[in-house]
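Subject: Structure handover

Hello,

Here is the structure for you to look at. Please open it first, then read the notes below it.

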Amino acid sequence: MIRVLPILLAVLYALAMYRFSAWRTAKELDAKSSPLMDPALRDMSAKMATALDLPRIKVHIYEIEPVNGLAAPDGRIFITRGFYKKFKAGEVSAEELASVIAHELGHVALGHSRRRMIDFSGQNAMRTVLAMVLGRFIPFFGIWIANLLTTLLAARLSRSDEYEADAYAAALLTKAGIGVAPQISLFNKLEALTQTNHGTAPAWLLSHPKTEERIAALTRLQQRWNT
């Protein structure tokens, strides 16, 4: 019993972390968001809602500056204020921003949003257990190895989710009459918009796949649908 007690404590810790993280995320989003009312984007959302046989798709603006989209664990879709500013400045089209909304809808429909929160909590528990076990056999380096292994696992799971959400968005945008082209064109300008340096980092360390790999996957989908 004593041997399994640390594992049980780690599992309980993971459950507590999941509950707390979900509550904290919801509270943060409630405090810093408002409904997106832009007519052009509302039209894009209406097309996708029709394709999904839904009365409407609710989108919110999250009041932070980084360019990003977000699917909350409770199913709400958010576009950051920074992303919306790019749209208002003409750097992003309504169709391109619609592709972001479609991508985040994919995360919700495929269960990624809730699973990511659970995975995050589980990975913390796994990191704790691994650090305890490895620390016995590899003093000083055990914690470092545990952190590396859990980070690699998280990145791999996240990349898989991104590919799945991309494919969902491509299918939805095609059905809505918007097409895959805006999705690809946004990817081509995404690194400049977000001012990231992803091109120089190893692909297996990134939580998102490389942009060119995502474009290639979408191109293959489009070709398959056209044949």
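Two residues are in contact when heavy atoms of theirs lie within 4.5 Å. Please keep in mind that this is a predicted model.

Glu 95, Glu 96, Ser 99 and Val 100 in α4 are in contact with Pro 182, Gln 183, Ser 185, Leu 186 and Lys 189 in α7. Sorted by class, this contact of α4 with α7 holds three nonpolar, three polar and three charged residues. Helix α4 spans residues 94-109 and helix α7 spans residues 181-194; their axes come within 8 Å and cross at roughly 90°. An angle from 65 to 115 degrees counts as roughly perpendicular, so α4 is roughly perpendicular to α7.

Now the chain as a whole. The protein chain has eight helices and four strands. Read from the N terminus, the order is α-β-α-β-β-β-α-α-α-α-α-α. The chain has 227 residues, and 38% of them count as buried. Its accessible surface is about 13,000 Å², and carbon and sulfur atoms make up 62% of that. Among contacts with a separation of 6 or more, 67% are between residues 24 or more positions apart.

Next, the inside. In soluble globular proteins, nonpolar side chains tend to be buried together. The largest nonpolar core in this model has 31 residues, and Met 48, Phe 83 and Leu 97 touch the most other members. At least two core residues come from each of α2 (39-51), β2 (59-62), β4 (77-80), α3 (81-88), α4, α6 (142-175) and α7. Helix α4 gives the largest share, seven residues.

What does Met 48 contact, leaving aside its neighbours within four places in sequence? The list is Ile 57, Ala 98, Ile 101, Ala 102, Leu 172, Leu 173, Ala 176 and Ile 178.

There is also a second, separate core of seven residues, with Ala 170, Ile 184, Ile 215 and Leu 221 among them.

Is Asp 53 buried or exposed? The relative accessible area of Asp 53 is 69%, and exposed means over 50%, so Asp 53 is exposed.

Regards

Notes:
Residues numbered from 1 in each chain as written. Predicted model: local features only at pLDDT ≥ 70, side-chain atom pairs only at ≥ 80, totals over all residues. Heavy atoms only, no water. Buried < 20%, exposed > 50% of the residue type's maximum accessible area, 1.4 Å probe, protein only. Areas by Shrake-Rupley, 256 points an atom, 1.4 Å probe, with all protein chains shown as cover. Axes fitted to C-alpha atoms, helices over the stretch in contact; angles between N-to-C directions. Parallel < 35°, antiparallel > 145°, perpendicular 65-115°, else oblique. Nonpolar A, V, L, I, M, F, W, Y, C, P; charged D, E, K, R; others polar. Core = buried A, V, L, I, M, F, W, Y, C linked by side-chain atoms within 4.5 Å.
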